[in-house]
Amino acid sequence: MKTYKLLLLLIGLSIMGCSDLEEEPVGILSAEGFFETTANIQTAVDGALTHAINEKIWGRKLSIALMLRSDMVSLASNETRRVEMNEFTTLASNGMISEFWPRTYQGIAAANNAIAGAENVDVADEIKNPITAQAYFARAFYYFHLVRLFGDVPYIEEPIVDIDASAAITRTPTAEVYANIISDLEYAKTWLPNTVASRAIPSKAAASSYLSLVYLTMGEYQNAFTEAQEVIDNAGTYNLALESNFQNLFNANEIDASLEPIFALDYNNFEADDNAYDQTAPMTGIRGDDRNLGGGWSVAVPTLEVYTTWDADDYRRAVSMDDEVSIGGTVVDYTQFDISGHEFAKNNPYIAKYTRFPGPFARANARATSHNYSMIRYAEVLLIAAEAAVELGDNATALNYVNQVRARARMGGETQTGAGVPVTVEPSAVPADLSGTITVDDILEERRLEFAFEGIRWYDIARRKIGNEVFGASGLEGEKPFFSEDDYLLPLPEDELERNPTLTQNPGY
């Protein structure tokens, strides 16, 4: 048994590099003897959180899967696993799923090790629990992704020491997984500090913000509103505010100073072993682009309708999309992006959020950036409160919060085109304040634009069950004939079912 403990501990504690988390090299650890100080707990916590910045989760596999399953991004290349994601023909053998599923459970395993190991650290609760609370937050973060993607999933809450028993773990009902997520976030909210040195470190505001999003996803609107309102009421205490220039949220040189991110995954200009680096920028970049030492790979590309239906006076469009670029020294607009001659080049505006300001240390194609990816930011808390208020019949509050987000969008700001030409977008009347009776559709539309290409839209489609609407003939991508109700959940990975015959598959797969 000791050998198994050692193996799982090593897997859970692998440190892959995160600039704002404490890095300690982890060699041969004794499961029984490692946890002696709070610093040991922090090492385990850092190991848990850094799994998310792996190429298999937010570095590419999960982030791109979420983009492709939304109604705003289509596939420009022809890899089978991505075609399946984009066309809703996903098989249980899909290579994207079979990579982010186990990596997510590695993050959970590391969090479980930190929580269990903390019991062996003999210090006062007020010293130990704020560190352990980060592990509870990390565990909730990972399970929240899993339950939204797969529904019933195996819920593991302590280190596994019996390999035979681990091969007989069953799926936990969705409702129970959500209850456990809420319990973990409540613990985190109790013990985490109001402010942190980096938004890559969980805070009380992060726990409360995620609670609001969890409740919104569950349809528990009063609880969602209460948690979101708590964050809004204490924005000063938590050091939160809307960023004045929307572009700064996607500028690796500016993001550290922003008060808007509440919890972020922070990359650190480093291509670490085990694929622990960022590849989202090249996946969304323009073929032949003179920026970033060779441009992007033209994989995840918005449809033209996303651009043409987005008001040009909305500053968020200028920040979110590139419609002009320099290719081979020639500046062209999006109607000529295929002059690169590559088979996957598309004459559509591309995603600009990740290619424009990846930081000075980005490698070729803007790999290994220093981006901070906001997992939840203050604008989302405002829109969670607005959506919950609509459901509760509080129209005035809903208008107040959604219009705060729209007001920021029309403030304009400094950005640049894909050709590197500086642009000042002057304040405009777009988007105007909403008035009258606000609807859930109004909020969903605001979320679609505010969080375009940030991995949020698919979750909104799934929780509101609007797939048949947005993937119809009049949708941004046109009709998706393979979409069905079963596609709101992904299949459990085939190799996981082969390893564990007690697991069952989701309907339709």
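This is a predicted model: local features need pLDDT of at least 70, side-chain atom pairs count only at pLDDT 80 or more; totals for chains, interfaces and linings use all residues.
**Entry 1: helix α2**

I began with helix α2, which covers residues 38–50 and so has 13 residues by the DSSP runs used here. From its first C-alpha to its last I found a reach of 18 Å, close to the 18 Å expected at 1.5 Å a residue. I then looked up how covered α2 is, and noted that 11 of its 13 residues are buried. Among the buried residues of α2 I listed Asn-40, Ile-41 and Gln-42, and the list also includes Asp-46, Gly-47 and Thr-50.

**Entry 2: Glu-55**

Next I went to Glu-55, which I found in the loop between α2 and α3, the latter being residues 61–69. Is Glu-55 buried or exposed? I recorded Glu-55 as buried, because its relative accessible area is 2% and the cut-off for buried is under 20%. The side chain of Glu-55 makes a polar contact with the side chain of Lys-61, at 2.5 Å. Setting aside residues up to four places away in sequence, I saw that Glu-55 touches Arg-60, Lys-61, Glu-99, Asn-275, Ala-276, Tyr-277 and Gln-279.

**Entry 3: Thr-369**

I turned then to Thr-369, which lies in the loop between β7 (350–351) and β8 (372–377). Thr-369 has a relative accessible area of 0%, and therefore I wrote it down as buried. Which residues is Thr-369 in contact with, leaving aside its neighbours within four places in sequence? I noted Tyr-267, Asn-268, Asn-269, Asp-278, Ala-281, Pro-358 and Ala-362. With one of these, Asp-278, the side chain of Thr-369 makes a polar contact, side chain to side chain, at 2.6 Å. The side chain of Thr-369 also reaches the backbone nitrogen of His-371, at 3.2 Å. I looked up Glu-380 as well, and found that Thr-369 and Glu-380 are 11 residues apart in sequence and 24 Å apart in space, C-alpha to C-alpha.

**Entry 4: α9 and α15**

The axes of α9 (residues 204–218) and α15 (residues 378–391) come within 10 Å and cross at roughly 35 degrees, and I noted the crossing as left-handed.

Notes:
Residues are numbered from 1 along each chain as its sequence is written. Side-chain values use heavy atoms; hydrogens and water are left out. Helices (H or I, at least four residues) and strands (E, at least two) are DSSP runs, numbered from the N terminus. The expected span of a helix is 1.5 Å times one less than its number of residues. Buried means under 20% relative accessible area, exposed over 50%, partly exposed in between (1.4 Å probe, protein chains only). A polar contact is a pair of N or O atoms within 3.5 Å; within protein, one must be able to donate a hydrogen and the other to accept it, and residues adjacent in sequence count only if both atoms are side-chain atoms. Contact means heavy atoms within 4.5 Å. Axes are lines fitted to C-alpha atoms, for helices over the stretch in contact, and angles run from 0 to 180 degrees between N-to-C directions. A crossing is left-handed if the near helix is turned anticlockwise from the far one by less than a right angle, and right-handed if clockwise.
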